[in-house]
Amino acid sequence: MKKIIQKISAGLNELTLLQKARAHYEAGRYKEATDLFKELLKQSNDAEHKRCLADCYLQRAWAMADKGMHKEACVLWENYAAYGEAPLQAQDAYVLWLLAGKNNHKAYAVLEGFEARQLDEDYPELAAHLGALLLAGCTDMLAHLPKDSALPRHWEWVGEALDAYRNGERERCEQALKNLPFRSAFRDLRTLLKVQLLDAASLEQAPAMLAKIPEASPYRPLADSCLAYLQTGEDFIATMAGLEHLQRRVVAHAKGFSSKQMNLLETLLKQKNQLNDKMRFNLVLQYQEVFGTHAAQAYCQGALANYPAGYNDYRKHFALKDPFEESRLQALLCEQGKNSYDARFYWERCIDILKKNRPADDKKIALILRHMAELAHYDDAVELLADSLEYDADDRQSYLSLLSIYEQNRPDPVKYEEWLERSLKRFPADTDLLVRAAKSAASRKAFKKAVTYAKALLKVDPVNTLAKQLLFANHMAHARRLLKAEKFHLVEKEIQAAEQLSVDKSLRRQAELLRGFYLWQAEDKKQGLQQIAATLAKLNDDPVNMQFQVQMEAGLLELPTAALTRALPAFKDYLLSAPELQRLIAAMEYYDEQLDDRSLLFKALDKIKAPLKKSLQWLLDHETLLLSWCQALEKIAHFELLKHCAKMGNVRWRKPIWLYYQTVAECQGDSSRLDFMALFRLQNAFEDAHAENDHKTAVLIGRLIEQARGAMNPFQYEDDFDEFDEEAFGDDPIEDLFGHLPESVMGRIAKKTQDMMAKTDPDRFMAKCISQYGKRIDPQRLGILLVNPDFVGAIMVLVAAEDLKIDIGVSFEDIVERFEDDSPQFRLPFF
Amino acid sequence: MNSPYQILGVSEQATDADIKQAYLQAVKDNPPERDSRRFRQIQQAFDMIKDEDGRLRYALFHVPNVEFDALLDRAFAQNGPIRPLPAGDFLKLLSTVSIDKMLAKFKQKPS
């Protein structure tokens, strides 16, 4: 019984040992596996255990070789050979390990044991490596290579090729290389020599040829050395990084590098990719001789933006002693650091220095002042620009900039006129200034003056269309004024002057129309009326445009329109075609440019409102035209017609641009009137526009949203107040209530709310809320809460989630509690 | 890296006329259909320094923007035309092959 138990126990032990050995072997723990398999082999001479033990030795030999411990690798391989079965693996590696371990004697003995076929066919890589070693000078190996092997034969041809190359005998070299078969152990050397034999014209092929040498080839470092020699800059350094020191020295010598260049190279290779701004800056300072002083200074100056601490070193190395240069550099550095206050201080110091050398440095002063103006706010910019003109009065652009600021950015008509006059004195024949002067005079109703400027403009540029139009418009405006003042004897002269201008046909007919009014008022009513009707018919194909124009022209002359309307064809039931609506848009824009007050334009449009509204229904296939119509109406702020058109367009096309126009019309261009729902819709439209790549619409909607938000929060300070992070106060109730929901769920809910809003309006939604939740809360409290747009938004999310049957973990009571607790979360400092 | 003067190949003392002539020549030598980037570079360089105001403005307000890599290009530039490695150096390279480095690449083949 005892024996049986011992036997079972031994069997179990053996089983456990085998399991352990296998586990180590499979996990790659070959050292532990070796010991256990050795133990197992002591117990039974199992063939499988022997095979595993041999493999453990072989794997350990490779591991040692990977660590560069070639002698240890050799011992382990020999252990492998003791247990392994023929044919033995990694014999080629064993030879190389022996050579690396300086055990040439043993290595040569192994090589002697090889058959020629083995070296040529079984171990081509070993042959390539042995070839490379022969090239490196280990020629004593030749005597131990298998006699019939290809390697010694090829070596002879290689020797001949190298000898020819050394002596500059290109053809003999090429001939010797031709003897080498395609699969020769020296094939990569052949490629290298071929690159070396390329002439200057074919040298561009070199990188591609060198790239063909495989990474594992013993010739790869040589190929990289040849490549580095052909490279410059960053590529050169990258390639050099992979070379051995000796190879780098050869390349540097070939390139004719100085010791400083070599030192710089070695430093760069040591640092590799860890160079930060400071290290680069200091390297450039240290090796400025290598980089060239000018380039080094330029680099360091630019680098100071990222490494300002280097300023003192910069000063020291580049001997910055000129105070002007120092201040200029400081000013530029401050500008780069967005420190406009200090930049201004340094520029002012520059100006003070330059002032000592007046008038020679006046131009520089003016340029600095203009540069400062470019970076300054408008109020400062006008002062700086005006100052700059004290030093250099001939800078046309400064006058134009001043005029532009006084016209658009800081409107000041008095200053504008003052500078316009000064500009014209300096540049009397400048077309831009003359156009401004003519327009300005016309806007002040100084038509005679405007005509003088327009004439001067035509003198400079006789074909200037704008000048002609200006002149024409001014003659016409002057004629109208004379007509209103009943100075009839002067009217004819003005109309003639307008007609004499070689302007286009439609403009001449405008003059003809005015002549009709002149006749009607001053001479013969009947004849005048006929002429007006005839000219209007020539100008327009339809009664609506005729009516619009007569209303405008009569309005401009402050004349009654009843008789005129009667004299023209009936228009109320007329339906405009697409080209006729296009013409009306053009006419609207033409008159809008001439009017200070749009009431006349509105009156004329109101007159033709009925046929216009009817016509649009027939023009619903012309989306682009209707969008132009909306654009024109938005520009003149006629929101009634805009609403009518945009509503139809939105129903028909459901596009963001139509929603935009509808919203603008509904809030009458005043974004502060937009309620939460409208903003929500706009936000969705904004996202849709982006998704559809309709950037133009996205910009329009984005601007409206921005305005609306600005109106809700007029105190949008850019600087200090932004520092207070809104989230720090936790005052976003929507985020508080629904922040826990995953984005995908919120996305579905948002879509649902969008659908809900498309089907209802705010009033109906609120009524629904009151009926649905009114019993759960005091109606008065609910009424108060419903004034808060965020509360409405939160309820919408809740309703949408309920409709979608999503449990969001937030109840109506939670929302009420959150909003009733929404008293200020923080105390103001003085209360 | 190159200043507008270098791009147009004129000195910093060049006159308006010299610069214009250099610009026209550069445009002739580098038409946009050949290398649009180079052509744009030439145009920008000319716009920058075509008149005295421009040159003064460049001198006063230009902040150099030299890339470190461009400096390296300059420091390790090729002197003269590109040629293959000289024969003497190439032969010297052959003797730099070391067994240790070779073995680093001599890896075990999957069995």
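Visitor: Among contacts in chain A between residues at least 6 apart in sequence, what percentage join residues at least 24 apart?
Guide: That share is 50%. Two residues count as in contact if their C-beta atoms, placed from the backbone, lie within 7 Å. In chain B, 45% of the contacts between residues at least 6 apart join residues at least 24 apart.

Visitor: How should I read the numbering and the model itself?
Guide: Residues are numbered from 1 along each chain as its sequence is written, while chains are lettered from A and ligands numbered from 1 in the order in which they are written. This is a predicted model, where local features need pLDDT of at least 70, side-chain atom pairs count only at pLDDT 80 or more, and totals for chains, interfaces and linings use all residues.

Visitor: What is the average pLDDT of chain A?
Guide: Chain A averages 84, and 93% of its residues score at least 70. This pLDDT is the predictor's confidence in each residue, from 0 to 100. Chain B has a mean of 84 too, with 93% of its residues at 70 or more.

Visitor: Where does pLDDT stay under 50 in chain A?
Guide: One such stretch is residues 713-730, for which the model has seven contacts beyond four places in sequence. Another is residues 823-831, with four contacts of that kind.

Visitor: Which helices of chain B have the lowest and the highest mean pLDDT?
Guide: Among the elements of chain B, helix α7 (residues 99-105) has the lowest, 73, and helix α2 (residues 16-29) the highest, 92.

Visitor: How many helices and strands does chain A have?
Guide: Chain A has 49 helices and zero strands, and chain B has seven helices and zero strands. Helices (H or I, at least four residues) and strands (E, at least two) are DSSP runs, numbered from the N terminus.

Visitor: What share of chain A is buried?
Guide: Buried residues make up 35% of its 831 residues. A residue is buried if 20 or more other C-beta atoms lie within 10 Å of its own, exposed if 12 or fewer, and partly exposed in between, with C-beta atoms placed from the backbone. In chain B, 23% of the 111 residues are buried.

Visitor: Why are α40(A) and α41(A) called roughly antiparallel?
Guide: Their axes come within 9 Å and cross at roughly 150 degrees. That angle makes α40(A) roughly antiparallel to α41(A). Angles under 35 degrees count as roughly parallel, over 145 as roughly antiparallel, 65 to 115 as roughly perpendicular and the rest as oblique. Axes are lines fitted to C-alpha atoms, for helices over the stretch in contact, and angles run from 0 to 180 degrees between N-to-C directions.

Visitor: Why are α32(A) and α33(A) called oblique?
Guide: Helix α32 (residues 525-539) and helix α33 (residues 543-556) of chain A have axes that come within 9 Å and cross at roughly 125 degrees. The two helices are therefore oblique to each other. Their contact is made by I532(A), L536(A), A537(A) and L539(A) of α32(A) with M546(A), Q549(A) and V550(A) of α33(A).

Visitor: How many nonpolar, polar and charged residues does that contact of α32(A) with α33(A) have?
Guide: It has six nonpolar, one polar and no charged residues. Ala, Val, Leu, Ile, Met, Phe, Trp, Tyr, Cys and Pro count as nonpolar, Asp, Glu, Lys and Arg as charged, and the others, Gly among them, as polar.

Visitor: How many residues of each chain take part in the contact of chain A and chain B?
Guide: The contact takes 62 residues from chain A and 44 from chain B. On the side of chain A, the residues divide into 37 nonpolar, 17 polar and eight charged.
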